[in-house]
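Hi,

Here is the structure I promised to pass on.

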Amino acid sequence: KIKNNPMSSNNNCEHGHNHDGHTFDDSAIDWDEKPFIKEITEKSFKQLLIEMNELSQTLNKPLSEFNCMEFGSGTGLLSSKIANQVNKIVGIDASNGMIDQFNRKGEVYQNMKGYQMYLERENQLEEVGEETRKFEVIYSQLTMHHIQDLESLFKLLNSYLVPGGKLIIIDMENTENKGKNFHPKKIKHHIHHSGFDLNQLSTFMMNNNNGNDQDIWETTNEYIPFTQKTRVFNVNESDNFNEDEEEEFPFGIIFSVGIKKQ
C-alpha cells in the first residue's frame, strides 16, 4: 500500500483524507441542484471536452473509444455530460450517497459505473470485477483540496492511465488567500489545501519524476480558463449558513493537466 492513501477504508486515510466518506452522503440527493455546482460543472465540461479532443488527435483514437475515470466523482454530474461521447466512464468516490446518485445516472447512461471505494493500489478495480484496467483520461473536479499527499495520489492515478493518457485536475485557485474560507467550519478537518497556487498541482505531479528513464510524466500544463463565483465564510468560520456571514467571491478555476510518459 502507498503511505497516506487518499481513499483508505479507515477514518485516517493514508493520503490524509481523514474521513470515512459519510461527510457528503447527506448532500448527495440535492447536490446537482446547487447553483455553484451546476455552473462550474458546465464550464468545466466545455474545457474538459477541449482537452479530450486534443488527446484524441494525439493518440489517433476517436473519443468514442475512450475509457475514462472520474476520481472523486460525486454524483456524476460532470461525467453524465460526456457519457454519450465516450466508451465508458468509471466513477470512484468515498461517499455511498454520491455513488448511489452516480449509478442512478448510469441507468440512463449505461456506460457509467460507479464504485464506492478508497483507491489504494494498482489493479484495485480488477478486484471489484471492473473489466476496464486502463484509461485514456482520468479527471477530477474539486476533490484534490481534500487530499493531503497529492504526490502519492498522482503516482497512483498515473498507473491507471494508458501511455500518453491525460490526468486532468480541476480545482480552485487560492485567490487572495480566500480559499481557506471556502468551506464552513464543520468540515474544516476534511480540508488539506485551501485552494492551490498556479502550477502547484503540476509541481506535485512532476515531483514523481527523477529526471531519468523512470519518469512517469511526459509533460504538465496548468492554466486558469475561467473564474467562478462562490460563497466564502467570514473570519468567524461559523457553522451556520447565515447570509450576513457569507460573501460571494470569484475564484480562479485551475486546470492542471499531466500527460503520462509513453
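Below is what I found, going from the whole chain down to single residues.

One thing to keep in mind: this is a predicted model.

Overall layout first. The chain contains 6 helices and 7 strands, and if you walk along the sequence they come in the order α-β-α-β-α-β-α-β-α-β-α-β-β. Of the 262 residues in the chain, 56% are buried. If you take the contacts between residues at least 6 apart in sequence, 69% of them join residues at least 24 apart.

Now helix α1, which covers residues 35–59. Leaving out residues up to four places away in sequence, Ser56 touches Lys61, Pro62, Leu63 and Phe66.

Next, the nonpolar cores. The largest one has 34 residues, and the members that touch the most others are Met52, Phe66, Cys68, Ile89, Val137, Tyr139 and Ile168. Several elements give at least two residues each to this core: α1, α2 (77–82), α3 (96–108), β4 (135–141), β5 (161–172), β6 and β7. The largest share, 8 residues, is from α1. To see what surrounds one of these members, pick Ile89: setting aside neighbours within four places in sequence, its contacts are Cys68, Ser79, Ile82, Ala83, Phe102, Asn111, Met112, Lys113 and Tyr139. There is also a second, separate core of 28 residues, and Leu119, Leu153, Leu156 and Trp217 are among its members.

Two of the strands deserve a look together. β4 and β5 run parallel and are joined by 6 bridges; Gln141, for instance, has Ile170 in β5 as its bridge partner. β5 is mostly covered, with 11 of its 12 residues buried.

Then the aromatics. How many aromatic pairs are there? The count is 3. In one of them, the ring centres of Tyr223 and Phe255 are 5.8 Å apart and the planes are at 25°, so this pair is stacked. Tyr223 sits in strand β6 (residues 217–233) and Phe255 in strand β7 (residues 246–260), so the pair ties together parts that are 32 residues apart in sequence. Phe255 also pairs with Phe226, this time edge-to-face, at 6.5 Å centre to centre and 70° between the planes. Phe226 is in β6 and Phe255 in β7, so here the parts tied together are 29 residues apart in sequence. Tyr223 and Phe255 are both buried, and Phe226 is buried as well. Tyr223, Phe226 and Phe255 make up one aromatic cluster.

Last item: which ring does the charged end of Lys113 sit over? The ring is that of Tyr115, and the charged end lies 5.5 Å from its centre. You will have met Lys113 above, as one of the contacts of Ile89.

Cheers

Note on methods
Residues are numbered from 1 along each chain as its sequence is written. This is a predicted model: local features need pLDDT of at least 70, side-chain atom pairs count only at pLDDT 80 or more; totals for chains, interfaces and linings use all residues. Side-chain values use heavy atoms; hydrogens and water are left out. Helices (H or I, at least four residues) and strands (E, at least two) are DSSP runs, numbered from the N terminus. The expected span of a helix is 1.5 Å times one less than its number of residues. Rings of Phe, Tyr and Trp (its six-membered ring) pair if their centres lie within 6.5 Å; planes under 30 degrees apart count as stacked, over 60 as edge-to-face and the rest as tilted. Buried means under 20% relative accessible area, exposed over 50%, partly exposed in between (1.4 Å probe, protein chains only). A charge sits over a ring if NZ of Lys or CZ of Arg is within 6 Å of the ring centre and within 35 degrees of the ring normal. A nonpolar core is a set of buried Ala, Val, Leu, Ile, Met, Phe, Trp, Tyr and Cys residues joined through side-chain atoms within 4.5 Å. Contact means heavy atoms within 4.5 Å. Two strands pair if DSSP finds at least two bridges between them.
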